[in-house]
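Hi there,

Here is the structure I promised to pass on. Have a look at it first, and my notes follow below.

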Amino acid sequence: MSLDVLDAQMMARAILLARRGLYSTDPNPRVGCVLVQDGEIVGEGFHRRAGEPHAERNAIDAAGPRARGATTYVTLEPCCHYGRTPPCTDALLTAKVARVVVGMEDPNPLVRGRGLARLRAAGVEVRTGVLERDARALNPGFERRMRGGLPYVRCKLAASLDGRTAMASGESKWVTASDARHDVHRLRARSSAVVTGIGTVLVDDPSMNVRLGPKELPSLSLDELPRQPLRVVVDTRLRMPLDARMLQLPGATLIATCEHSPKPIARANAVGAEVCVLPPDPAGRVDLYLLLRYLAEREINEVLIEAGPTLAGAAMASGLVDELVLYLAPHLMGDAARGLFHLPGIERMEQRIGLVLDEVRRVGVDLRLRLRRPEPWEPKAEEQR
Ligand code: AOF
Ligand code: ZN
């Protein structure tokens, strides 16, 4: 077997291991590591939870003396700083591994290439960028936050085939079937925060929590699951009902508002909600960009927006949404029913919000589309033809 093929195979194994931390490493990245000696795996590990050992440490411990002279496959560049745990570069050098293959550079400014430089300086052979696309897909939020000071934002919506989310009366239970709704819980479970609008809270009184048990979350790190994402309510005028269901549930709720009078803030605090006062955007609503910056400062990596047409429309129009996850149910609700996005001002074709389709998949009886914003350099669809 050629070295390239072996490297790709072992990195694929490391990526699978990293995925076991999908629901638990937050705010740390998901990282997997495999140690290989003469084509044979002698130790493997993954990062389970912030504060606990990194993937490399776990793999070295599993390999014991067989780590000596081994090739290390790790999805993220080994760290070279003292965080909650000591540097992995030191652990690898002490274990005397011969070669290190990584999927991607660690975007953390404390590392960013220095881990690899340190290994090279110590005489270790280093190869980078193996299955880089897949390695990066493990941690879109961690990378975005470390490089851009913003979280990675997904917007999730469920609609009928004709793009309707609720009847004119507001009735919306259920648009999609149970498999798709389970899938949404997995999206929530991997997110650091779930964002909704006050309109949805007033109408639906949603729980916004993860209601999946260990069996439904394919992860090894189950003892504390589900970890509840931070619930965020965008509530410009602080209308949050003090008896809202989400306030009774385990996990924290944050209200993002432009209202700064002390009394309503104190009332919200008294029922356990945190309140974050932000300046309004030009339209007089909570400035979503500033909210996302604030969330990134709180080490929020992945944000899931689950909102009605007002907030979903504002988010899409702001250009701050990285990924749209759209579940479509195979039924028609008719044009009197409510649509997905409130997008005032779009009147001409050239004003459309264009998206790139990344994935189409059937989830139970429904359809799931994953779309993303076109990269800035990407020509418009018309120009490509
Ligand atoms: C690795 N392997 O498995 C992880 C890494 O506070 P600490 O000690 O947990 O360090 C967190 C930082 O270490 C994190 O921001 C990232 O740069 C790196 N995470 N590095 O080599 C791992 N989880
Ligand atoms: Zn480390």
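**What I found**

Ala-59 is buried, at 0% relative accessibility. Please keep in mind that this is a predicted model. Ala-59 sits in helix 2, and, leaving aside neighbours within four places in sequence, Ala-59 is in contact with Cys-33, Leu-35, Gly-43, Glu-44 and Gly-45. From Ala-59 to Thr-72 the C-alpha distance is 8.9 Å, with the two residues 13 apart in sequence.

His-54 and Cys-79 are both buried.

**A buried lysine**

Lys-156 may interest you if you plan to look at charged side chains. Its place is in strand 6 (residues 152-160). Lys-156 counts as buried because its relative accessible area is 15%, under the 20% cut-off. What does the side chain of Lys-156 make a polar contact with? The partner is the side chain of Glu-306, at 3.5 Å. Not counting residues up to four places away in sequence, Lys-156 touches Val-184, Leu-187, Leu-304, Ile-305, Glu-306, Val-325 and Tyr-327.

**Helix 11**

Strand 6 comes up again here. Helix 11 (residues 309-318) has these buried residues: Leu-311, Ala-312, Gly-313, Ala-314, Ala-315 and Met-316. They pack against strand 6, strand 8 (193-197), strand 9 (230-234), helix 10 (288-297), strand 12 (302-305) and strand 13 (323-329). After helix 11 comes Gly-319, with a positive phi near 75°.

**On the surface**

Finally, there is a nonpolar surface patch formed by Ile-346, Ile-353 and Leu-355, which together have about 200 Å² of accessible area. Ile-346 is in the loop between strand 14 (338-339) and strand 15 (356-363). Is Ile-346 buried, partly exposed or exposed? With 34% relative accessibility, Ile-346 is partly exposed.

Happy to talk any of this over.

Best wishes

Key. Residues numbered from 1 in each chain as written. Chains lettered and ligands numbered in written order. Predicted model: local features only at pLDDT ≥ 70, side-chain atom pairs only at ≥ 80, totals over all residues. Heavy atoms only, no water. Helix = DSSP H or I, 4+ residues; strand = E, 2+ residues; numbered from the N terminus. Buried < 20%, exposed > 50% of the residue type's maximum accessible area, 1.4 Å probe, protein only. Polar contact = N/O pair within 3.5 Å; in protein donor to acceptor, adjacent residues only side chain to side chain. Contact = heavy atoms within 4.5 Å. Patch = residues over 30% accessible without salt bridge, like charges linked within 9 Å, V, L, I, M, F, W, Y side chains within 5 Å. Areas by Shrake-Rupley, 256 points an atom, 1.4 Å probe, with all protein chains shown as cover. Salt bridge = Lys/Arg side-chain N within 4 Å of Asp/Glu carboxyl O.
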